[in-house]
Amino acid sequence: MDPKILGNLSYGVYVISTLDQEKYAGCLANSVIQISSKPYTVLVSMHRDNYTNVCIKKCKKFGISILNEETDLNVIGTFGFQSSKSVNKFHNIRNQLIQEVPILTDSCGYIICSVVDAIETSTHTLFIGEVEKMGGYNEKSPMTYRYYHEVLKGTTPKNAPTYIEQKNEEERVFKSKKKWKCKVCGYIYEAEEIPKDFLCPICGQPHTEFVLIE
Ligand code: FE
């Protein structure tokens with residue numbers, strides 16, 4: 001079987017946020033689809049190991065921030081490669097509370113949902129949400145999953161539904177010079193040396209967190 005075929009399915013890039021008692025939780029997702037318009041219903045696929053998954057099950061409410069092509073990569077590093085269990089991801093990321101759910105300012109639209117059903121698969125939960133509120137539309141282009149990979153050179157967190165073996169992605173990304181890999185997020189930087197002031201554009205780690213892979 002060739003997993004590249006699944007890469008031809010189209011996806012966006014989103015931050016899914018929710019309440020965690022007195023705090024907030026959130027993580028990156030790429031599998032969000034609209035199911036119906038009467039009523040407006042959407043589906044989000046999220047790995048069961050994600051702390052945000054546990055929090056959504058408790059409060060039965062979540063928000064979707066739709067990232068755009070200009071969204072700061074620090075947003076992806078923060079929400080895609082760290083856990084809300086140990087980090088307050090919203091501390092350094094601009095957001096506003098809408099119906100008590102934090103929504104990123106740096107987005108091109110948001111959707112607030114109440115959970116009406118949750119279907120368990122072997123690894124992921126499919127949260128079905130009825131839309132309570134949506135807004136924040138602007139003219140920015142939504143970030144597609146392909147744009148994230150091909151233009152921003154982003155990598156896939158291990159819990160994403162679309163995760164495939166890392167070696168497949170590395171084979172696809174670059175073809176020359178030395179390759180340095182971020183130990184935290186897997187971002188690959190191509191150069192003879194990494195500048196001392198270099199910070200990973202995906203997760204913000206310093207040059208010392210990069211290892212030479214070839
Ligand atoms: Fe990184």
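User: Donors are N, O and S atoms within 2.8 Å of the metal (3.2 Å for Na, K and Ca), and water is not among the atoms, so sites may look incomplete. Which protein residues are the donors of the iron ion here?

Analyst: Keep in mind that this is a predicted model, where local features need pLDDT of at least 70, side-chain atom pairs count only at pLDDT 80 or more, and totals for chains, interfaces and linings use all residues. Residues are numbered from 1 along each chain as its sequence is written, and side-chain values use heavy atoms, leaving out hydrogens and water. The SG atoms that lie 2.2 to 2.4 Å from the iron ion belong to Cys-182, Cys-185, Cys-200 and Cys-203.

User: What arrangement do the four donor atoms make around the iron ion?

Analyst: Four donors count as tetrahedral if all angles lie between 85 and 135 degrees. Around the iron ion the angles run from 98 to 117°, so the arrangement is tetrahedral.

User: Are Cys-185 and Cys-203 buried or exposed?

Analyst: Buried means under 20% relative accessible area, exposed over 50%, and partly exposed in between (1.4 Å probe, protein chains only). By that cut-off, both Cys-185 and Cys-203 are buried.

User: Gln-21 and Gln-99 both have a positive phi. How do their relative accessible areas come out?

Analyst: Most residues other than glycine have a negative phi. Gln-21, in the loop between β1 (14–20) and β2 (23–29), has a phi of about 55°, and Gln-99, in the loop between β6 (95–98) and β7 (101–104), has one near 50°. Gln-21 is exposed at 70%, whereas Gln-99 is partly exposed at 33%.

User: Which residues does the cis peptide bond join?

Analyst: Look at the loop between β3 (32–37) and β4 (40–47), where Pro-39 is found. Omega is about 0° for the bond that joins Lys-38 and Pro-39.

User: Where does pLDDT stay under 50?

Analyst: pLDDT is the predictor's confidence in each residue, from 0 to 100. The protein's mean is 89, and 94% of its residues reach 70 or more. The stretch that stays under 50 is residues 168–174.

Note on methods: Four donors count as tetrahedral if all angles lie between 85 and 135 degrees; four count as square planar and six as octahedral if opposite donors are over 155 degrees apart and all others between 65 and 115; anything else is irregular. Contact means heavy atoms within 4.5 Å. Helices (H or I, at least four residues) and strands (E, at least two) are DSSP runs, numbered from the N terminus.
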